[in-house]
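My entries follow in the order in which I checked them.

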Amino acid sequence: MPLLFITGMMRSGTTLLQKALNVHPEINVTYQSRTEEYIKLLKTFYSSIGVNKYHVLSHYSPNKDCSFSDVQKWLLNNAEYEKLFDIQDSYYSGVKEVLSEEFIPYFISNEIKCINIVRDPRDVICSMSFGNGIQYTGSERPVLFDIKNWRKSVLISEIFKESDYLLTIKMEDLLRNPEYIMTQIYRFLNVETITHDDLISEMSKLNWTANSSFGQRKLFDESVINNYKNNLPSEVINYIEATCLNEMNLMGYDTQQDLDVESIIRTYEDPFQVTRNEFLPLYSSNNKNIQYEIERHSLKIKDIIKLEFGV
């Protein structure tokens, strides 16, 4: 029985994709039903190297606790992928788990199909830390921390872009042209194509509306694209573009021209108070992170991948 793994940054359309795929009679994707198993595995790994880490589903920027390759080698030797899925009575049994992109190479090595969905980081941050985002993702994290996790998602897709077992899509493409993107996905999974009309008809029966941080939305609602323009402070927009410029260019997201990246990074402060105890005060604007982000910006994608992932 083939397995399917759906992942991506929080607030990036993973739930919409899961709901859309579950309409297919050959696909059953559960909603974060194995989160504790994913977390337990990585906690066991970090414990084995003497690291007590709060966010085990996290970035590698900078990579100070271990190498990305160390994680992958450990998973290959210790993980049992069957425990990371709910096996259902369907052709494809899948699971949707956010922030879990580091499992992609492990699943690829076991010939498990993976779909990573990416969204404009400005809209991601807008949805997480503004509006009603706290309802879905908990109290605010430092913007830089969420940015690092977004970059992880993009870079892992870049590393494994040639694999036949990984498909990366953009949320914006799914919203603007769902028929085309879903057809791509059906072909990737080698299952029969469902017409767009049938897809919408069946999804409508679910009595589910998109879990937007800015009120209820219809299915495949394009109005959430560029929502940040009306809801995100300009200094946050500038900071996201300054720290994600290379990855945004890689994914084809438009940014402002002639950004004074170093000045933006040096002067930025989060516009809200972070009350989570696992973060140092002023995480986004402490000197160590400022220096790293400035130096990182000057690197090419391939050099960033080598620095943070060791590949």
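I searched the whole structure and got 18 aromatic pairs.

I note that this is a predicted model, with local features needing pLDDT of at least 70 and side-chain atom pairs counting only at pLDDT 80 or more, while totals for chains, interfaces and linings use all residues. Residues are numbered from 1 along each chain as its sequence is written, and side-chain values use heavy atoms, with hydrogens and water left out.

**Ring pairs.** I looked up Tyr 60 and Phe 309: the ring centres are 5.7 Å apart and the planes at 45°, so this pair is tilted. Tyr 60 sits in the loop between helix 2 (35-48) and helix 3 (68-78), Phe 309 in helix 15, and 249 residues separate them. I took helices as DSSP runs (H or I, at least four residues), numbered from the N terminus. Tyr 60 has 3% relative accessibility and counts as buried; buried means under 20% relative accessible area with a 1.4 Å probe, protein chains only. Phe 309, at 1%, is buried too.

I then checked Tyr 239 and Tyr 268, which are stacked because their planes are at 10°, with the centres 3.8 Å apart. Tyr 239 belongs to helix 12 (residues 234-251), and Tyr 268 to the loop between helix 13 (261-267) and helix 14. I found both Tyr 239 and Tyr 268 buried.

I also recorded a cluster linked by ring pairs: Phe 5, Tyr 38, Phe 85, Phe 103, Tyr 106 and Phe 107.

**Glu 308.** I located Glu 308 in helix 15 (residues 301-309). At 2% relative accessibility, Glu 308 is buried. Its side chain makes a polar contact of 2.9 Å with the side chain of Ser 61; for such a contact I required a pair of N or O atoms within 3.5 Å, one able to donate a hydrogen and the other to accept it. Leaving out residues up to four places away in sequence, I listed what Glu 308 touches (heavy atoms within 4.5 Å): Tyr 60, Ser 61, Asn 63, Leu 155, Tyr 292 and Arg 296.

Note on methods
Helices (H or I, at least four residues) and strands (E, at least two) are DSSP runs, numbered from the N terminus. Buried means under 20% relative accessible area, exposed over 50%, partly exposed in between (1.4 Å probe, protein chains only). Rings of Phe, Tyr and Trp (its six-membered ring) pair if their centres lie within 6.5 Å; planes under 30 degrees apart count as stacked, over 60 as edge-to-face and the rest as tilted.
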